[in-house]
Amino acid sequence: MTDLLSDPAADPGLTASDRIETVRNSIERNLHKSVTLEDAAEHAHVSPCYLSRLFHRQMEMTFIACVKLRRIERAKDLLSGSSLPIVNVALDLAYQDANYFCKAFKTEVGASPPEFRRASRPSGSPTGA
């Protein structure tokens with residue numbers, strides 16, 4: 001019964017996998033701004049409650065965990081491949097507080113952003129800050 005909460009106007013031909021892929025693509029395109037379950041559900045033409053359950057079932061993680069993981073992965077790319085200041089990396093990934101970004105990054109990666117940047121660069125390379 002709860003799986004019937006999708007928007008009746010939505011394309012009934014879309015599979016659960018198609019809807020999740022749509023949402024994942026939307027997450028990727030919007031890492032630089034706030035990404036909410038409600039917005040993603042609207043984009044996928046389903047209710048937020050249904051999307052939450054579907055996402056967890058298909059991805060084996062919550063929607064929020066996926067967004068956080070993708071932001072951390074993008075942060076790792078930016079830290080190792082650029083000399084952007086840490087605060088700019090945080091802002092580019094929609095973190096309003098650089099301190100919160102650093103804490104979240106360290107929790108996920110096991111190293112602070114500056115530590116990760118130093119470890120990801122060959123010795124002798126400029127680090128930027």
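Where is arginine 121 found?

1. Arginine 121 is located in the segment that follows helix 7 (113-120). The structure is a predicted model, in which local features need pLDDT of at least 70 and side-chain atom pairs count only at pLDDT 80 or more, while totals for chains, interfaces and linings use all residues. Residues are numbered from 1 along each chain as its sequence is written, and side-chain values use heavy atoms, with hydrogens and water left out.

2. The secondary structure comprises 7 helices and 0 strands (DSSP runs numbered from the N terminus, helices being H or I of at least four residues and strands E of at least two). Of the 129 residues in the protein, 33% are buried (under 20% relative accessible area; exposed is over 50% and partly exposed in between, with a 1.4 Å probe and protein chains only).

3. Arginine 121 is buried yet has no salt bridge (a side-chain nitrogen of Lys or Arg within 4 Å of a carboxyl oxygen of Asp or Glu). Aspartate 77, the nearest side chain of opposite charge, is 12 Å away; Lys and Arg count as positive and Asp and Glu as negative, with His and the chain ends not counted. A polar atom of the arginine 121 side chain lies 3.3 Å from the backbone oxygen of leucine 79.

4. The salt bridges number 4. One of them joins glutamate 28 to arginine 70, with the closest N and O atoms 2.3 Å apart. This pair links distant parts of the chain, 42 residues apart: glutamate 28 is in helix 1 (residues 16-29) and arginine 70 in helix 4. Glutamate 28 is partly exposed at 37% relative accessibility, as is arginine 70 at 26%.

5. Glutamate 108 forms a salt bridge with lysine 68, the closest N and O atoms being 3.7 Å apart. Because glutamate 108 lies in helix 6 (residues 98-109) and lysine 68 in helix 4, the pair ties together parts 40 residues apart in sequence.

6. Within helix 4, glutamate 73 and lysine 76 are 3 residues apart, about one turn of the helix. Their salt bridge has its closest N and O atoms 3.5 Å apart.

7. The largest pocket holds about 170 Å³ of space. Its lining includes Lys68, Arg71, Tyr95 and Tyr100, and helix 4 (residues 63-81) gives the most to this lining, with 4 residues. A pocket is an open set of points on a 1 Å grid over the protein atoms alone, where a 1.4 Å probe fits, with protein on both sides within 12 Å along at least five of seven lines; lining residues have an atom within 4 Å of a point.

Methods: A polar contact is a pair of N or O atoms within 3.5 Å; within protein, one must be able to donate a hydrogen and the other to accept it, and residues adjacent in sequence count only if both atoms are side-chain atoms. Grid points are joined across faces, edges and corners, and a volume is the space filled by probe spheres set on the points.
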